[in-house]
Amino acid sequence: MNAIELLPVGTPATSYAPPYSTIRVHADAAGDVHWLHMHADAGPGVRPCFRKPLMTEMHAYLDGITGDPQARPERLRHLVLASAADAFNLGGDLDVFSALIRARDGDGLLRYARSCVDGVYRFHAGLDGSFRTIALLQGDALGGGLEMALSCHTIVAEEGVGMGLPEVLFGLFPGMGAYNFLSRRVSPQLAERIILEGRVYSAEEMHAMGVVDILVPRGQGEQAVNDLIRQQQRIPQSYLAMNAVRGISNRVDYQELMDITRVWVDAALALDEKSLRTMDRLVKAQTRRSGQVLS
């Protein structure tokens, strides 16, 4: 399999100009609130996971909104990460993983993983520091999809949504920030248990544990996000200051993320054929469930 090539972080947005094919984006007139819906191309056979085109377009869009020459660092802005599919995100592209592992392409695995790490790190840092990031979960968030949600400042989830880290089912662990971000929301012991159990929890269970910040009934997620944004914009300087405080006292270090990712690559290359066949079965299951679109 050929190596995966992704646009590096920092590539000007004009290098991958709209209209986008895998994401749907919109912002308010002032450019203070941005919505990014993943999986705009969702349909039969298109799995709502972190496929190469989705990752490339997401990075390009984030580069564009943080490179705004009119942006002022003292202006609080918001980025909402949501989904146009029936799932928020089912995680890494297992089809790519299995192909790279069978080809013994550790460099390809690391390139893919680095792009994921770059994404979660940007959401964790508030992009350029002026954004509050919000994950809106109206469908299941699994594996890398949950990692991305965990990297955001706030998780808003609708009741009944499934959330989990199933990588242990095929002998791996979530290697792009799950432990780092979970252990800042719950105890390290509970974070480790969630990872090693590999089961899917309900949003209600995750809210009780302190992983989900805001839990709302089905269909009320967008309203809850809009209410949250209005609340935060009443005291913008406080939230900008809190971004800085988080960066000092509760920061996830980029190098720490990459060191763990290299452990993930080594573990992936050690998987046997039985584990890879399990991965293949999960790909088929994801493909079967694809096709439903929320909006």
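Let's start with Trp 35. Which residue in β3 is the bridge partner of Trp 35? That partner is Val 80. Trp 35 sits in β2, where it is also the bridge partner of His 26.

A word on where this comes from. This is a predicted model, in which local features need pLDDT of at least 70, side-chain atom pairs count only at pLDDT 80 or more, and totals for chains, interfaces and linings use all residues. Residues are numbered from 1 along each chain as its sequence is written, and side-chain values use heavy atoms, with hydrogens and water left out.

Now the strands. Strands (E, at least two residues) and helices (H or I, at least four) are DSSP runs, numbered from the N terminus. Two strands pair if DSSP finds at least two bridges between them. Strand β2, residues 33-38, pairs with β3, residues 77-83, in the parallel sense over six bridges. With β1, the pairing of β2 is antiparallel, over five bridges. The hairpin of β1 and β2 has five residues between the strands, and Gly 31 there takes a positive phi near 75°.

Step back to the whole sheet. Six strands form an open sheet, in the order β1-β2-β3-β4-β6-β9, with mixed pairing. β1 (23-27) and β9 (214-216) each have a single partner strand, so one side of each is left without a neighbour in the sheet.

Next, two helices. The axes of α3 (106-125) and α10 (254-269) come within 10 Å and cross at roughly 145°. Axes here are lines fitted to C-alpha atoms, for helices over the stretch in contact, and angles run from 0 to 180 degrees between N-to-C directions. Contact means heavy atoms within 4.5 Å. In α3, the contact residues include Leu 109, Leu 110 and Val 117; in α10, they include Leu 257, Met 258 and Trp 264. The contact divides into 13 nonpolar, two polar and three charged residues. Nonpolar means Ala, Val, Leu, Ile, Met, Phe, Trp, Tyr, Cys and Pro; charged means Asp, Glu, Lys and Arg; the others, Gly among them, are polar.

Last, the pocket. On a 1 Å grid over the protein atoms alone, a pocket is an open set of points where a 1.4 Å probe fits, with protein on both sides within 12 Å along at least five of seven lines; lining residues have an atom within 4 Å of a point. How many residues line the largest pocket? There are 34, and Leu 90, Gly 91, Gly 92, Leu 142 and Gly 144 lie nearest its centre. α3 gives the most to this lining, with six residues. The lining divides into 22 nonpolar, nine polar and three charged residues.
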